[in-house]
Every structure is written in C-alpha cells, then in structure tokens.
Amino acid sequence: MAPHREDGYDDDEEIDFSDLREQYEVQLDEGLDTFVVVDGCPKVPADSRPKLIKFLCKRLTEVGHISQDSVFMPLNEETNMTEGYAFVEYDTPDQALLACKQLNGMALDKKHTVYINKLTDIEHFGREGRIKEEYVEPEIEPFVEQEHLRSWLSDINSRDQFIMYRGENVGVFWNKKKDVPEPVVDRAGWTESFVQWSPQGTFLTSVHGQGVQLWGGPGWKRIMRFAHPMVNLVDFSPNEKYLVTWSNKPISIPENPPPNFPLGSDEDGKSFIIWDIKTGNLLRSFTSVEVTGDRDAELFEKSRKKVSWPVFKWSSDDKYVARVVPEQSIQVFETPSMLLLGKKAIKIEGVVDFEWSPSIPTAEKGKKEPAQLFCYWTPEMNNQTARVGLMSIPSKEIIRTRNLVNVSDCKLHWQSEGKYLCVKVDRHTKTKKSMYTSLEFFRVKEKNIPVEIVELKQVVINFAWEPKGDRFVFITVDEAIQGAQVAPKTSVHFYAPEKIKNGIGEFCLVKTVEKKNSNAIYWSPKGRFALIATVHSQQSFDLEFWDLDFEGEKQKQDKASKNKDLAANLMLMGTSEHYGLTDVEWDPTGRYVATSASMWKHAMENGYHLWDFKGTLLREEHIDKFKQFLWRPRPLIMLSKEEQKQIRKNLREYSKQFDEEDQFEAEVANKEVLEARKRQLDEWRAWRARIEKEVRWERADLGLPEDPEEALREAAREEEDKVVEEIVEEVISEHEEEIA
C-alpha cells in the first residue's frame, strides 16, 4: 500500500485536467489543412535528396504552387537515407485538396507510385482505436452481371419511350400512336421535385431533398446517387460523363457529421458540385462566384437572385467545362482534374456570357490536340464598343472579333454542327426610346470567318436554327401601343440560303407570316419540319405545322427573293389549337410531337396531345395533376454519312416495308377487337346457360314443368285436337200465307 502523503494528495486519486487540456490543446485541423503527406517516394542517400525534392516539386505543381523550401523529406540517421515519404505545404487548402484527389496514385517512375493524403486526415484517422492492429483482408464481392443501360433501343418495332409525371406517380411508357400507351414502369413517389433524362437517354434522373439519383436498365434499378442537400437543378455533360448539381442554399456541414456522411468540410458553403457519373466521385465543388471585393460582392448578390442555367457549360467532347465570372473572366477547367486551364482564368473585361461550339473537334494538320471554340460578348464600357469574340481552346487564341455599337443585349446561337454562329443583337436608337434587332451571322467554317448581317426594324423575341441544316426561323414583335390591353401581334420569318454552285449562298427571306400571336419555335430534331406555337398565353393557343421541303408545287417566295433559287419550299401542312399549352416536345425521330399543359403553370385542362409531324391529332388525354411529359432521347447515330445517304436514296423501298408493318399492325388491332367481341359473346352465352339451369332447378322444386315454353306448346296442341260442337239456328227462308 502506498504511503499516505502529508499534503493530503493520494497518488491513486485521479485529477480531471480536461478543461485545461481543451483550453491549451493544439488544434491540428487549424492551420494544417494546406499540408499533405506524400508516401511512396524513393529512398535515396542524403546527397540525392535535393534532386529528388526538385523532381517531386515539378510533379506536384500540377495542381498548385509549392517551392522546394515547402517540402520536408526526413532522413534516417542510422542509414543516412530518406524515409520514403515527404511533407509538402501548398499555398491554399483547395490546392492541397486537389493534390489528394488528382495526384493520388501518380507514378513517379516505373517502380514508384506516390500516395497523397491530407495531414489532418492522417492525424484524424490514425488516432488510437481507429485502425485495427491486425490486418483483415477485405471480402471481395462476387461479380454480378449488370443490366444493359440501353436495352430500350433493341425494341423490335423501334418504338420510342416517354415519361409522364402526374400527381405523385412517375411512369415510363411505350408510344403506340393512337392507342393507349403501353406502360413499362410506374412508381409512386419516384421523385420529390421533377424528373429529367440524360442527354443520350441512358439515365433517368430523380431529384430529392437529400440529392440526386440515376436510374436505368430494363429493371429500372438505381445506378448511382449523389448527395447534395436541397438540390434545385441538375445538368449533364453532352456525353453523360459528368453531372452538375446546384442548390440555391449553400451546403452546411454539421460540426459532428454522422457516420458515412457523404460530404466533407471542403464542401461547406459551396453551391455547385461536379460529379463523375461512372464512379460517383465528387470532382470539385464551387461557390456561386469568387468573391474578392465589394464590387464582386454585388455581383454575388445578383447571381443569387437570378441564375442563368446552366452556369457551367460543357465542350462538345466533355474535355472542358467553363463558367463566366461576370464582368471579369471566363474560368475554363480541364476534366477530370478540374484544374484551371493554364492554372489561371481567361481575363476578359466586362464579359457577360459565352457559348461553346457544339461541333465535335478534330485535330488540324500539324497539331496533336484538337481545338475547341467558344464565343463571348462584352458590352459597351469605358468608351469602348461592344464586342463579340471567338476564342480557340486550349491555345486561348482569339481568332475573330467584331465590334458593335448601340447594344442593349446579345444572345449567342450556334448552329448544331458549329458551321454558323448567329449573334442576336438588340440595339437602341440614339435617343434610346425604341429598340430594334440585327442578326450577325459568322460563317465559322469559311476562310477568315466572314460575317453576314440581317437588319430588322422590329425586335426579335425568338430565334432557332434548323438542326443539322442551314435554315432558320425567328419571330419578331410589333411595337407595343401604350395603354393597350391586347398584346402586340407577332410575325414569323422563314429564311434559307440561296443555292449556288460552290458553297452556300447568302441567307434570304423565304416568307413572312404576319399578324400572329406565335411566340415559340420548335424544330423537328431531324430538321425540315417546324412547329410554330403560342405558349404560356391566356388568349391564344395556336399550333402551326410547317414543311420547308414540300415536295409538291413550288410555293411563292417573298418579293425580295423572287428571282432567287432558295433551298426551301415552304408549305403550311396544318393548324390547330391546344388550350392552356405550356410545353412542346418532339420525339427523337421527328415523326411525333407532344403538346402538354402542366399544372405547374395552371390548373385548367391539364394533360397532353399527341400529333404526327403533319399536325394530325393522334391522341388526346386529360390527366388530373399532370406535370411533365418528356420523350426519352436517343444516342447519336453511329452510321456514316455515306450509309445515311444510301438509306435516304432507298427510302421508298423501306417505306413499302414500313407500310406493310403498319397495315399488319392495324389488322392485328382489328383482330384483337374481333377476338374481344367474340370473347364477350361467349361469356354472355355461358352466363345465359347458367341462369337457365338455375331456373329449371327452381321450377322443379316448385313442381312446375322444367321447360315453361314446352308446356305452353303442349297446351296449344291439345287445343288444336279438341272437337267443338255448336248448334246454330239459321232461317233459311221466310214467307207469309193468308188463311181465309
């Protein structure tokens, strides 16, 4: 037994120092988040250590700035060799985080692969009790064959699918033209907000309070989920490699996150997250804008009030993603590293907006890497004119600019193959009392990129290129009369290029349709056909179906183009109305178009109408609490241009086969109707036989004849056999005699 001390302190007694420890304990997570630990380095003698540090710095500066002084590589005193790891300090925590995400597993040479972790993570996860002393080999899950995510393309009748969101139910259906759609899957509560297809139709997106889920395959199983609390909008890259999620409420990470919490402290306060769809990994998160000063703070507040979606815009090959920092720069990030191209943003003073060219890039002669293009515009400022520019990426070379004056606003419209860029310039007069529009066309594929101008006196409210074509349609609005209760009329303008021997001629007016209420243009995805509609209107609900390659008699052209041979023959195929129209959706083949009225806009006659490309109504269905109608997109066609040309050449032969299939389908439908009628007749006969049997049993119990009709017939026969004698007195003759 320990002796008792006179000062009254017992050695066995335990004193609580927790309050002092908490006050003076060094917080490892504070100030160390710029440090990373690089493991797996070669073990070299002390004399070779400076060379190794220099080489390591060269490789690690791919994600951020470091110097040789910020690298500490310990030496073993006994062997005078390096220990095989190093401590590296970056300038910012974001750079350290990117090093862990992008450089982890990087090969230094054939024998050495480095593994990078944050110093704070090692301290956090390496504490006593968090790592088992004995190695336990992980269980390898058995291989499970996955469903084919594009199985719907193998439908024997080449039908298309669409999705409907109504009430709390979300359903996927096969299109059966006039007939009732064939259900594929229908689930209640599949989404909390809305549904969305990926660009090539591989995934169905459902949006929830905790994040986003992707579904697909014949069984409609969950493929992947991405955690983003209170997510509002999602956007896919064109080739479905990456996903962007956004919430108007910045992410808030709890002080003590629950186990397996999917987001880390680096995402705290961020609004955007970019994900890798295949792996489900978080690539990088972003705030709304980079706030660095008072001027930027004002921009930040503006951006929170109004978001122009998508904020992050993708190049056509998914190699780059970019966003604009209003009035300052365009940030271009490389994928999958999500590092700034050239480690810095592209400074463009006053930049308002930009758009990537949708063309698939190809490497030019003498260049290894294909070049991408994007266009941007800047407003009039500091005594400088407004400007539109074309920039090549990754070189950041400006290949074309055009100065503009009296500019109020610009909208950038690329043709689907990147052959043309239309800049819709809204201008004001010198007095700024009235507005008008001019269209500036950049012929991007031609030498020196010439510009063609279409001057107008009205304001253009809608513009649309023909998909994979050289024609376009736009809508202008007449000047509003002050105090008028009726909205001003609109005019629809159809333009096509002039036919010339070499190349494509100038754009000429084909026809103008005046005094309309139309405000929206919807081209068939295959081109040629256009639906001009009036949407979101309480007075007008017009639908006009136009054919720009009518195969009949040549139609009249505009007077200005009367003597020109234009690449169009415009014909109005049909007109109709859809009360309360809010949305229009063409199917991927361009054969059918759906118009719908969503309860998100109003509650009157919600549902959808299905039309063919000529404007013939195939099906009309009113659905209570109808919200969305979306056709399932198809992947890009894999046939070469020569193969497609051959198919068009032999289209008449194929059409005969399709007509036979349609006739057979109609006959099958008629046969089904006849079989249904025969089945109903057989059921009625069986019911009658059963009832007659029951009646006979009841008559037998009552002692009545089994067949009441037979008893009546027997009574009738007995009546016929009876002899009835009847005495009739008849006066044969009558005369009078007189007796004397």
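A salt bridge here is a side-chain nitrogen of Lys or Arg within 4 Å of a carboxyl oxygen of Asp or Glu.

Quick ground rules. This is a predicted model, where local features need pLDDT of at least 70, side-chain atom pairs count only at pLDDT 80 or more, and totals for chains, interfaces and linings use all residues. Residues are numbered from 1 along each chain as its sequence is written, and side-chain values use heavy atoms, with hydrogens and water left out.

Salt bridges, then. The structure holds 28 of them. Let me take E182 and R159. Their closest N and O atoms are 2.9 Å apart. E182 sits in strand 10 (residues 182-188), and R159 sits in the loop between helix 4 (119-125) and strand 8 (161-166), so this pair ties together parts 23 residues apart in sequence. Helices (H or I, at least four residues) and strands (E, at least two) are DSSP runs, numbered from the N terminus. There is also a network: D155, R159 and E182 are linked by salt bridges.

Now burial. Buried means under 20% relative accessible area, exposed means over 50%, and partly exposed is in between (1.4 Å probe, protein chains only). R159 is buried at 18%. E182 is partly exposed at 31%.

Next pair: K313 and E355. Their side chains meet at 3.0 Å, N to O. K313 is in strand 19 (residues 313-314) and E355 in strand 24 (residues 353-356), 42 residues apart. K313 is buried at 11%. E355 is partly exposed at 26%.

Two strands pair if DSSP finds at least two bridges between them. Strand 29 (residues 420-428) runs antiparallel to strand 30, and nine bridges join them. H428 has M435 of strand 30 as its bridge partner. The two strands form a hairpin with six residues between them. In that turn, K432 has a positive phi of about 65 degrees.

Strand 30 (residues 435-443) is mostly covered, with seven of its nine residues buried. Strand 30 also pairs with strand 31 (residues 451-455), antiparallel, over five bridges. There, F442 stands opposite V451.

That's my tour. Over to you.
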